[in-house]
Amino acid sequence: MSTFIRGPICGADNCPSRLWRIINGRRTCQYGHVMEGDVEFNDDEDDLTGLSAGVITRRLNLTTNATGSFQSSQLSNSQLLQQQQRRSHKKFKKLIGHDAKLLFLKSFQFILKRQTCCLIEDMQFPEEFDHVVKIIWLKILKTINDQPQEELRLRLHMTSTISILYLASTHLSLPVYTCDYIKWICSAKMPYFQASELLPKAWRTRLPNYYVSILEGSISPFDGQLYNKIALTCGTIQFNQSFNSEISCQGLLLKLVMQYTLPPQFYFFTKQMIEFEETDIQNLALWERTDERHTGAISNHAELRVISYFMLTIYWVLLCDMDRQYPLKWVLTLTDSLTFHTATRESIDRNIVSVVYPDKPTSNDYFRWSDDETLEFLNWMDKKFLPTQKKSLHNESGSDDMTIDQKIARRKLYKIFPLDSDTNDNGEAKDSDHRLTFIEELQERYAKQTPFLNNNKTLPFTTRQDANLPARKDAIHRLLTKIASQLSTDFAISEQQLKDCVFRIKKACIHRMN
Amino acid sequence: MFEVPITLTNKKFAQRRKLKYQYINHLSRRFDKVAKTTNTTDSLPTPENSAVENNDDDYDYDEDEEQIDEADVYRRSILQQTKRRRERHWKSVVGELYSSTETESDSQQEEIQENDGRETGRKNGDTDEERKFWKKHEKPERSFEIWQTASLQNKGPINRRKMTYHKFQKIQKNSLRKVQIPLLHCTKENRLYFRSLSKGLEPLQTPTSTIRNYQTRHIITLTNLLHINVSRHNWSLAYRIFATLIRIPEVQMKSIWGFGVKILDNLPDSSSSLDFLQWMCQIYSSKARFVQNINHRSIVPPFQTGSRTHTAKFATTYLWASLINCQKSIEPSTINDKHYDMENDRLQELIDKISEWVLTPPFMEDAEVWFIYASCHLLKADILSRQFVNDGTKGDLIGLDRDIKINQVIKHIHYVKVFLQTCLDKGGFTIPNRLIEIQLKNFELRLYGETQDVQEREIVDGYDETDISSVENSFGDVYETNAEFLDTQLMDLSPEDNEMAENHHSDEESSE
């Protein structure tokens, strides 16, 4: 079978053909026109001597590139060869062994620095934060250095960056908790996922793939992994000895109370309970884990204990109240308001976080998203998520592993589907006008509840009359389930872990009361 | 929830699949062994059975041998090898027309498989258990059903033997013992998964529900949002989602192009879907051979990419869309218009393009492409012949000019006939042959219009409006392309013909 090659339009006598084949060394189009001035000479010396043995022609295998003109296969072969040579060049070779570990430490430090800068600039962390992070990092380096070089184990992961930052913020008593860090990394406000893209190119090409994949941080921490890592990091550097390891419990409580729009009394209830239970305030310090293999009881982590106290307080207060101050209707509206979606920045962030965790009941919430929410999510995608994707249009310099043809194809595709930034900006400006701030939204949510809170005890009988309302105990349980599912998503622990933790605390409390 | 446009590869899934297919293959091998020793001649001759026999007669080889010992097995394998070699030889001589799609690597694998039963073969058998399994099943490229093989080399008699439960358990136990060591090395979750699968239970969780990877999570979310918003006809939002989705590097365009076309069609002031389809054709029209031993896991192959034997769906969609587009834009314009010339050029361009396409493998054999090609010429002939109808009033064309134009029309009519014939020869595509013939006849009548005019008028007068409209309505989407001669020309048919045309069409619909 003769093979046709696609090429430029023939054009002789308006011939429309674009298909060519080579007959006797001359390029001939589908309808038999011979291309002018395109004859392949076969002027090798050996052929002249061996004419009788039959002519051997050497033919260029022609392929076409994206623009439709011919491109010789030999050329591309030589290009490929060049590329390979360049790759095998010493400068681009992957490092191994001790050198690789050193480079990994350097890269890790680089990313840590980026994260710290980002926190100081975007989140208004104090300047001293930088120094504290440095000191902690040096301590970790020192423990690594103390190990014998033969069995050097780095035990660093992307979660280690978060735990270092967390330790630093705890030392400074900043009101920042794991839930905040998780929110920031999931909504790409802080470099974490695809962080290896931030590295200088020379480093990235020489870093072994294993370490690169660590720095990609592909999976967000789940099932309390982050807590375990924090405890382990704490243990390796003996954090409690030289730093302030007490978590700022008041801030966390305030945050929780506001998030679920509970009356302010609950803040004091919980605080009293914690003071009653944890005689020594030192108990709310970070836990140092020295055992590498066993994660230990989940209730060892101070933050989780606070959450458990919070949940227990809600449960007991509502249960003992018997419709005096917190009527059933209020509980029901509160439960409903937790599922209510708005397009504020906070709830968009929460949406993004909940999307990331697949095994939570909130992970399928997007089936109920409103158009606004979807639009906000897409805006976030454009601004934050897409720039972290390596081969996207935004940083074309990074797309070296694509051939020129692929690049052209991509660009054409993006032209067909433009993500027009002009309309985006307009929409953004419009949105920010009517978008509620956090405080406004909070006020609104509190305002919605006030009619149901009978502080002056005017209508103590109303709820009892409604037969179709669920029993009070059920309603409280439903509320707590809701809170638990949100908390477990926010703090990246499984619901079972939260349940265990609450159970342990409850037992301890009852034990103490007796 | 919905199909994700990326390949979900994961250590976990890979391990699961490997275990599964290793188990299945071993099980079937054991089964074959047991079944063979208990043997078999009492099965009735089936058509397939005898076909196999006839085939093998050439090689001096009898299917119904009583006892098959080691030597015979060996002899058979040698015979099969020679048969395969001969097949390959024939393929190289005849070219691609030779039907079986066996490749070099296939036969090698089969050899490995044969050895595997007797010897160890583990170290290389391990890697492609999945391929081995899928090779046994022929997967029609067009549909997604899995057939218990009809290809010649895998053909065997229908299995009518019964098996005791005891024997079955023995086989199962043996196979389970075989996978015990790999099971030791895999995760707890996968072990549970395998155990439940081997007991015939189906785990409820979908592959997407357990994936934790940050990027993949977002792709899953975007895909689901895309599905939701397309189903709600929320096109502007769907467009945003689609545009975002395709900018993530891992996303495969070929599994979501349908959405793109639909969205562009429905969204005003966006780029044309034709451009997009053209882009698809340029980038993804592969002429590689369809590989049978790969599990095409998610989407029916022709929707993703073309192969040597099948046209990709986006290619045919592109041709239909551009043909309809030409027809729609030519329809309102008159012949002397400047606009008309441009559109005519576009039609010519389309014809040129298809004429190139049909020279190369996948389109060469595709009846649908030939039919589109014929339809293009039909449209062209219609446009050209319409000049003569106008002539009746103006009387411009005379002499040489007229002869040239007549020749042009006749040339195109000839092309239509030739290409339709090719289309029929290729088969697999039902066409309204008779209807088109009538159309062509009408075009020819137009050329010599003066004599026929009177008759035509009479016939037109004979019908009332309702009749015509009913004819029009009876034609569905398929005839959108030819709509312009439906309203002008169908009125020439006698009532019987009309009915026939309708019947024909309904036949076609039912066959599709």
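**Helix pair.** I started with helix α3 (residues 97-122) of chain A and helix α4 (residues 128-146) of chain A, which pack at an angle of about 155°. Their axes are 10 Å apart. Angles over 145 degrees count as roughly antiparallel, so α3(A) and α4(A) are roughly antiparallel to each other. I noted a right-handed crossing for α3(A) and α4(A). Next I listed the contact residues. α3(A) brings Q109(A), L112(A), T116(A), L119(A) and I120(A). α4(A) brings F129(A), D130(A), V133(A) and W137(A). I sorted this contact by class: 6 nonpolar, 2 polar and 1 charged residues.

**Chain contact.** I keep in mind that this is a predicted model. I found 32 residues of chain B in contact with 34 residues of chain A. Which helix of chain B gives the largest share of the side that touches chain A? I found α10(B), with 7 residues. α10 (214-231), α11 (235-245), α13 (273-284) and α16 (338-357) of chain B each supply at least two residues of that side. By class, I get 15 nonpolar, 10 polar and 7 charged residues on the side of chain B that touches chain A.

**Confidence.** The predictor gives the complex an ipTM of 0.76 and a pTM of 0.71. For chain B I noted a mean pLDDT of 68, with 58% of its residues at 70 or more. Within chain B, α10(B) has the highest confidence, at 87. Helix α22 (residues 465-474) of chain B has the lowest, at a mean of 36. I marked residues 95-126 of chain B, where pLDDT stays under 50. I also marked residues 453-512 of chain B, with pLDDT below 50. Where pLDDT is low, the predicted coordinates should not be read in detail.

Key. Residues are numbered from 1 along each chain as its sequence is written. Chains are lettered from A and ligands numbered from 1 in the order in which they are written. This is a predicted model: local features need pLDDT of at least 70, side-chain atom pairs count only at pLDDT 80 or more; totals for chains, interfaces and linings use all residues. Axes are lines fitted to C-alpha atoms, for helices over the stretch in contact, and angles run from 0 to 180 degrees between N-to-C directions. Helices (H or I, at least four residues) and strands (E, at least two) are DSSP runs, numbered from the N terminus. Angles under 35 degrees count as roughly parallel, over 145 as roughly antiparallel, 65 to 115 as roughly perpendicular and the rest as oblique. A crossing is left-handed if the near helix is turned anticlockwise from the far one by less than a right angle, and right-handed if clockwise. Two residues are in contact if their C-beta atoms, placed from the backbone, lie within 7 Å. Ala, Val, Leu, Ile, Met, Phe, Trp, Tyr, Cys and Pro count as nonpolar, Asp, Glu, Lys and Arg as charged, and the others, Gly among them, as polar. pLDDT is the predictor's confidence in each residue, from 0 to 100.
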